[in-house]
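Subject: Structure handover

Hello,

Here is the structure for your files. My notes on what was found in it follow below.

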Number of protein chains: 2
Amino acid sequence: MKPRITLKKIASEFGVSISTVSKALKDSHEISEETREKIKAFADYYNYKPNSLALQLRNQKTSVIGVIIPEIVHHFFSTVIDGIEQYATKKGYNVMVCVSNESYEKEVSNFSVLTNGSVDGLIVSIARETQHKNEYSHFEGLIKDDFPLVLFDRINEELACDKVIIDDVGGAFKATNHLIENGAKKIALLTTQDFITVGSLRKEGYLKALHKNGISVDENLIYKIDDNKDLYEQIKKVIFVKNPPDAILAVNEIYAANALKIAKERKLSIPNDIAIIGFTDGLISEFTSPPLSEVVQHGFEMGQQAAELLIKRIEQTDASEFKKEVISTNLKIRQSTLSTK
Amino acid sequence: MKPRITLKKIASEFGVSISTVSKALKDSHEISEETREKIKAFADYYNYKPNSLALQLRNQKTSVIGVIIPEIVHHFFSTVIDGIEQYATKKGYNVMVCVSNESYEKEVSNFSVLTNGSVDGLIVSIARETQHKNEYSHFEGLIKDDFPLVLFDRINEELACDKVIIDDVGGAFKATNHLIENGAKKIALLTTQDFITVGSLRKEGYLKALHKNGISVDENLIYKIDDNKDLYEQIKKVIFVKNPPDAILAVNEIYAANALKIAKERKLSIPNDIAIIGFTDGLISEFTSPPLSEVVQHGFEMGQQAAELLIKRIEQTDASEFKKEVISTNLKIRQSTLSTK
DNA sequence: TATAAACACGAAAACGTTTTCGGAACGTTA
DNA sequence: TAACGTTCCGAAAACGTTTTCGTGTTTATA
């Protein structure tokens, strides 16, 4: 690569000092019009642009936001990144993306790479393994130094920082309620293992709705799916039983889509024999038959909110209270829950 | 945010020079064991890490790869990023992601932000508007300076740089052939507008297969979808006609999924009345009924290849020929093309 | 004509690092 | 004791920028 042109080179070209060149390019009145013009013309011709590393070092500011997510090939997470990126760009920031791949170790190493001065702040959704280990010392190190940090979706309540979550409890509550209103009596819950916060919150909403409607809880209807094992086989055990449930609430789209597929394999009519609703991350729901009802997650808004909180935190001069923003959900009703009876 | 600890602070703590501290932390034999140990203990206690901006400036190397893509909420592109990110991480690079949103202006502004010294090289998939305008001066500026650049998927043949594409012609050829082998006589092509390179290449493969099988080309069966207009309505015009085609090749998953949905609305039996195959970007195909056959694109390998080419280019000392890697495709056959007759 | 203001520019510090070179202090050897 | 080698450390340059504070020259004012 050809070396880029610098102030120094321009200066030596005209036999003036570096500071003269810098001022000339900034249209400073300290420099005579004549000098100014010739320097600007030259810089323009050679397409001079200030080296951003040098600026970052001098200003002690990178204008870069670091983002650490568990996965990137994932509709929800990529939607959140989209929100972050758009808001950041609008505010003059760039986005550096790292993927933890659900691994504690990779998360820690991402932390250490990004917090060496290359970003002004961090937006993180916690890796599954980290939640499992319950090991947060890498976060605490940052928090001790007041490093700008925003957690989203997979958060930890204990950590003292800004947070953005969706209304998981409310979303599951609404969805369960909707199933009950449409006649469901025996609602299975397809959730994650307990240590995933969003999974347990959605379970809470599910239980709340059962309770409110006077339906007793059957622990056998609560299935904790292990993402490391075969989804299809696990969900098969929910549906290929003697008396299958008459409705299913799944905590994500993949569980729901698999449930639908399997229910059809068992020749169950949807939604008449079994209604299905999922939390949505994606495009699948629209194209299944029947199309899947879903709890809409608004990942884009979530990303924007996270970026807004972070940038405020970065640019503020004196510390303020940590905020926790809750993005509300809504239902998108499609045929998988709308009884045709 | 608390100011980070620097060599200077450590030096003043012990009344030694900055260079002594630097050497001590690097276990230099120039520094006495005693001094070394106490400095290292102190640095360790305060969790000293070298400021990466300073290092980047000094070494004239950022170890950051810039990526500019048209969209991020997109299965194919996010898969490519995944490949880039994983390879980059393995090689000690970080990834900075910018989204052009299919806009020429945003692409240009992304270019100018990223090439100010904040990245060592760039991986780009060209925005739709840029291809439409046929305006590549921002690329040419970089190429003139031998800036490390890799294009993928949406490329421009004229630009002198490394490239990675999938075998679009071959993929479409295989898919069309497959349709013909399963009895199709009247195959519609759902493609993009001409200026999108991948669209026209896939059209080429389609034509080639027709030709080879002695089927004459009917221009009326080639539909150029405009992504800015309503997809559903456009695709409806393909299927709700007097004599609908008996097979459809779609150049992406969304077109295919919509076609399938619409064909079902017209009560056509799939694949007996109409067979459908798409190029895949996603998860939808697996969950439609019947599941969609697809041309598999291998986005992850594409990302890895792109990153590998770029990093080689960055680290090489003397210029070498530009390479064009072609990732081969394969068919994933599902029920949407497997006649049950 | 002496003094002040205006103009045009340069020197140097600062951001945080690494590395080369030089040098003082001490010990060893002929 | 003169010459030489070690050992241990500091000064300074370099990466590229911005900005403060001089400073010398010219022009205007009293």
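Helices and strands in these notes are DSSP runs, numbered from the N terminus; a helix has at least four residues and a strand at least two. Please keep in mind throughout that this is a predicted model.

I start with one loop residue. B:Asn116 sits in the loop between helix H6 (104–114) and strand E3 (121–124) of chain B. Is B:Asn116 buried or exposed? Its relative accessible area is 16%, and because buried means under 20%, B:Asn116 counts as buried. Leaving aside residues up to four places away in sequence, B:Asn116 touches A:Arg4, A:Lys49, A:Pro50, A:Asn51 and A:Ser52.

Next, the strands around E3 in chain A. Strand E1 (residues 64–69) of chain A pairs with E3(A) in the parallel sense, over four bridges. Within this pairing, A:Ile68 has A:Val124 as its bridge partner in E3(A). E3(A) is also joined to strand E4 (residues 149–152) of chain A by three bridges, and these two strands run parallel as well. There, A:Ile123 stands opposite A:Val150 in E4(A).

In a regular strand the side chains alternate between the two faces of the sheet. For strand E3 (residues 121–124) of chain A, A:Gly121 and A:Ile123 point one way, while A:Leu122 and A:Val124 point the other way. All four of these residues are buried.

Chain B has an open sheet of six strands, in the order E7-E6-E8-E9-E10-E12, with mixed pairing. Which strands stand at the edges? They are strand E7 (222–224) and strand E12 (330–332) of chain B; each has a single partner strand, so one side of each is left without a neighbour in the sheet. On average, and with direction ignored, neighbouring strands of this sheet are turned by 20° against each other.

Within the sheet, strand E6 (residues 187–191) of chain B and strand E8 (residues 247–250) of chain B pair in the parallel sense, with four bridges. B:Leu190 has B:Ala250 as its bridge partner in E8(B). Helix H12 (residues 253–265) of chain B lies across E6, E8 and strand E9 (275–279) of chain B, and runs at about 160° to E9(B).

Last, the aromatic side chains. Over all chains, the structure holds 14 aromatic pairs. One of them is the tilted pair of A:Phe76 and A:Phe77, at 5.5 Å centre to centre with 55° between the planes; both residues are buried. Another tilted pair is formed by B:Tyr136 and B:Phe139, at 5.9 Å centre to centre and 55° between the planes. B:Tyr136 and B:Phe139 are buried too. In chain A, ring pairs link A:Phe14, A:Phe42, A:Tyr45 and A:Tyr46 into a cluster.

Two charged side chains lie over ring faces. A:Arg202 is over the face of A:Phe279, 4.0 Å from the ring centre. B:Lys236 is over the face of B:Phe240, 5.6 Å from the ring centre.

Regards

Conventions. Residues are numbered from 1 along each chain as its sequence is written. Chains are lettered from A and ligands numbered from 1 in the order in which they are written. This is a predicted model: local features need pLDDT of at least 70, side-chain atom pairs count only at pLDDT 80 or more; totals for chains, interfaces and linings use all residues. Side-chain values use heavy atoms; hydrogens and water are left out. Rings of Phe, Tyr and Trp (its six-membered ring) pair if their centres lie within 6.5 Å; planes under 30 degrees apart count as stacked, over 60 as edge-to-face and the rest as tilted. Buried means under 20% relative accessible area, exposed over 50%, partly exposed in between (1.4 Å probe, protein chains only). A charge sits over a ring if NZ of Lys or CZ of Arg is within 6 Å of the ring centre and within 35 degrees of the ring normal. Two strands pair if DSSP finds at least two bridges between them. Axes are lines fitted to C-alpha atoms, for helices over the stretch in contact, and angles run from 0 to 180 degrees between N-to-C directions. Contact means heavy atoms within 4.5 Å.
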